[in-house]
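Thanks for asking me to look at this one. Below are my notes as numbered points, on helix packing and on the spaces in the fold.

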Amino acid sequence: MTHIDCRQLRPDPKDGRISAAPKSDRDPADAADAADTLDAVVVGAGLSGLYQLHRLRQLGLAAVILEAGADLGGTWYWNRYPGARCDIESLSYSYSFSPELDQEWEWSERYASQPEILRYIHHVADRFDLRRDIVLRTRVTRAAYDEDRHLWQLYTDTGRAVTTRFLILATGCMSTPQAPRIPGAGSFAGAIHHTARWPREEVSFTGKRIAVIGTGSSGVQVIPAIAQEAAALTVLQRTPAYVLPAHNRPLHPAELSEFKVTYPEFRQAQRRSRGGTVFEPPTRSALEADELERTAAYEAAWDTGFLNGMLRTYTDILTDEKANETAAEFVRSKIRSIVADPVTAELLCPRFPFATKRPCLGTDYYATYNLPHVSLVDLRTTPIERITPRGIRTSDREHELDMIVLATGFDALTGSQLAIDIVGKGGATLQKRWADGPRNYLGLVSADFPNLFTILGPLSPSVLTNIAVALEQQIDWITDCIAHLRHNGLTEIDATAQAEAHWVASTAELAGRTLYPSVDSWYTGANIPGKPHTFLAYTGGLDRYRKECDAAARDGYTGFTLSAAH
Ligand code: N01
């Protein structure tokens with residue numbers, strides 16, 4: 001096993017930070033090989049990991065990113081399926097930490113496509129000179145805490161071992177793909193692709209018979225894209241989604257210039273907001289409005305093309321079943337008006353409360369079902385029995401296919417952390433500690449796993465927000481925390497069991513005030529066989545969450561224990 005050797009560390013004459021060797025004459029992988037004890041290791045080179053590295057460098061820390069993929073980008077590296085696009089506006093779903101970056105980057109569309117977001121991420125990596133401390137193709141497999149030295153020992157799939165004071169998991173909230181185990185999958189003569197592990201080389205659908213399994217956000221985006229090319233497309237649907245129109249469009253240079261004048265104020269407003277997007281909060285119950293007024297409000301929201309446009313119309317859509325049903329029925333009426341075949345339209349109508357699973361933003365999604373070569377199979381009435389060499393056998397027939405696309409989602413929020421064998425104090429393992437659901441304090445630190453921070457992880461606002469805003473908030477907090485420890489000669493921060501228990505209970509109590517837990521979804525862990533059913537995110541809003549995190553820090557890191565190694 002290669003071990004990191006820190007004797008080569010020396011301060012960079014330009015910025016004073018410790019670096020392993022002159023920037024010009026070393027391979028990025030040397031960054032991890034250069035020290036036997038790094039100050040910090042960040043796992044994951046997506047949006048979170050890159051910003052965290054940037055912030056750690058500002059503290060003068062020797063830090064590297066270890067990334068499993070062959071290149072940067074995280075989610076936007078892996079999810080390169082046709083049609084992949086963000087469902088938060090590009091001017092909003094981007095870093096806010098650099099006003100210069102805001103001014104110089106030009107988004108071309110209201111909702112950025114995956115290739116454009118990946119270009120942006122690469123631009124950021126170059127602009128802030130991050131690549132030299134990113135080690136690619138290196139998956140962290142095990143992390144064990146040394147209680148005496150307050151250090152994490154990391155093991156990787158390349159044989160590299162790394163020792164670090166701080167370990168920061170920037171592993172994303174949706175990075176462990178979920179693929180159903182369907183009997184016979186190995187026998188299929190054609191290709192099977194998962195949207196979250198899409199090949200880097202081009203995949204052609206031309207002249208082919210394709211099946212898509214899954215109709216969440218990934219399916220809703222890939223289905224219209226495949227339909228444009230394929231000879232025949234069969235969508236195998238278990239649960240229909242609520243799909244709102246994106247109304248995507250190009251952004252014109254004049255409009256961008258105008259927007260950028262007030263970008264700093266916009267960024268401030270995002271930080272103060274409940275979900276990382278800026279809007280006027282609703283003030284009335286949906287049930288206070290009459291039907292005419294409500295329909296007009298929902299029409300206006302539908303026309304805005306915002307993912308959460310409908311949620312912003314009334315205060316109680318996520319808390320009151322009757323209020324929710326008014327929004328749900330409005331979307332169903334839209335589906336019936338777009339989809340020509342009434343039987344297909346009814347199958348596409350969701351029956352669970354609106355937005356209790358994350359709604360989807362689509363382009364031509366429902367209209368795609370009007371195309372003569374697109375068909376919908378209802379897996380509730382005709383379930384999949386097996387995959388055969390020629391296609392998929394459902395209970396009523398065999399569907400002959402050339403390719404199967406799995407858009408079946410992720411082991412959300414906890415999957416990527418639990419994929420690492422993490423051993424904390426007293427031999428505690430994260431797998432056992434989280435056996436009944438994730439436990440942590442402030443969504444940041446789990447008791448007995450000191451110096452280990454999680455970004456966008458469970459019991460934080462994460463997936464219920466514009467993550468570009470949520471990740472900066474958490475990373476700024478983590479960076480300030482590490483700065484505080486170093487300034488005070490401290491080497492360890494741990495969450496107390498009491499603070500953790502309180503946080504777990506209070507996040508569950510907050511979620512219980514909403515309709516979210518009433519529906520099985522990836523929010524509740526229900527999409528993964530054997531995963532405990534608990535609501536996985538903090539529903540109190542990013543604004544309230546920020547206040548809680550800031551208050552803990554301001555009051556001397558209440559709920560944490562801070563100490564120095566002997
Ligand atoms: O995954 P999902 P996703 N047999 O879990 C079905 C983000 N995201 O990748 O509901 C048949 O939502 C499953 O059916 P059911 C975003 O946060 C963002 O689409 O379990 N079907 C469901 O229809 C999003 O919410 C963007 O009954 C099976 C689908 O597969 C999250 O990622 C784009 C099945 C999975 O839907 C996840 O989205 C993409 C089986 N055995 C993703 N197993 C944007 O920014 C599962 N399904 C736009």
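1. How are α2 and α15 oriented to each other: roughly parallel or roughly perpendicular? Bear in mind as you read that this is a predicted model. Helix α2 covers residues 47–58 and helix α15 covers residues 467–487, and the two pack at an angle of about 30 degrees. Angles under 35 degrees count as roughly parallel, so α2 and α15 are roughly parallel to each other. Their axes are 10 Å apart, and α2 passes α15 in a right-handed crossing.

2. From α2 come Leu47, Ser48, Tyr51, Gln52, Arg55 and Leu56. They meet Ile467, Leu471, Glu472, Ile475, Asp476, Ile478, Thr479, Asp480 and Ile482 in α15. By class, the contact of α2 with α15 has 8 nonpolar, 3 polar and 4 charged residues.

3. Helix α15 also has a contact with helix α17 (residues 542–554). Here the packing angle is about 5 degrees, and the axes lie 11 Å apart. That makes α15 roughly parallel to α17. On the α15 side the contact is made by Val469, Ala470, Gln473, Gln474 and Trp477. The α17 side contributes Leu542, Tyr545, Arg546, Cys549, Asp550 and Ala553. Sorted by class, the contact of α15 with α17 has 7 nonpolar, 2 polar and 2 charged residues.

4. Now for a pair with another geometry. The axes of helix α7 (residues 253–261) and helix α8 (residues 263–272) come within 5 Å and cross at roughly 65 degrees. Since 65 to 115 degrees counts as roughly perpendicular, α7 and α8 are therefore roughly perpendicular to each other. Phe259, Lys260 and Val261 of α7 make the contact with Tyr263, Pro264, Glu265 and Phe266 of α8. This contact of α7 with α8 has 5 nonpolar residues, no polar ones and 2 charged ones.

5. How many cavities of 30 Å³ or more does the structure hold? There are 3 of them, and the largest cavity has a volume of about 80 Å³. Its lining is made of 13 residues, with Gln417, Trp434, Leu444, Ser446 and Thr454 lying nearest the centre. The lining of this largest cavity divides into 7 nonpolar and 6 polar residues, with no charged ones.

6. Finally, a look at an open space. The second largest pocket holds about 820 Å³. It is lined by 35 residues, and those nearest its centre are Arg274, Leu311, Leu318, Leu464 and Tyr516. The lining of the second largest pocket comprises 19 nonpolar, 11 polar and 5 charged residues.

Notes:
Residues numbered from 1 in each chain as written. Predicted model: local features only at pLDDT ≥ 70, side-chain atom pairs only at ≥ 80, totals over all residues. Heavy atoms only, no water. 1 Å grid on protein atoms, 1.4 Å probe; cavity = no way out; pocket = protein on both sides within 12 Å on 5 of 7 lines; lining within 4 Å. Points joined across faces, edges and corners; volume = space filled by probe spheres on them. Nonpolar A, V, L, I, M, F, W, Y, C, P; charged D, E, K, R; others polar. Axes fitted to C-alpha atoms, helices over the stretch in contact; angles between N-to-C directions. Helix = DSSP H or I, 4+ residues; strand = E, 2+ residues; numbered from the N terminus. Parallel < 35°, antiparallel > 145°, perpendicular 65-115°, else oblique. Left-handed = near helix turned anticlockwise from the far one by under 90°. Contact = heavy atoms within 4.5 Å.
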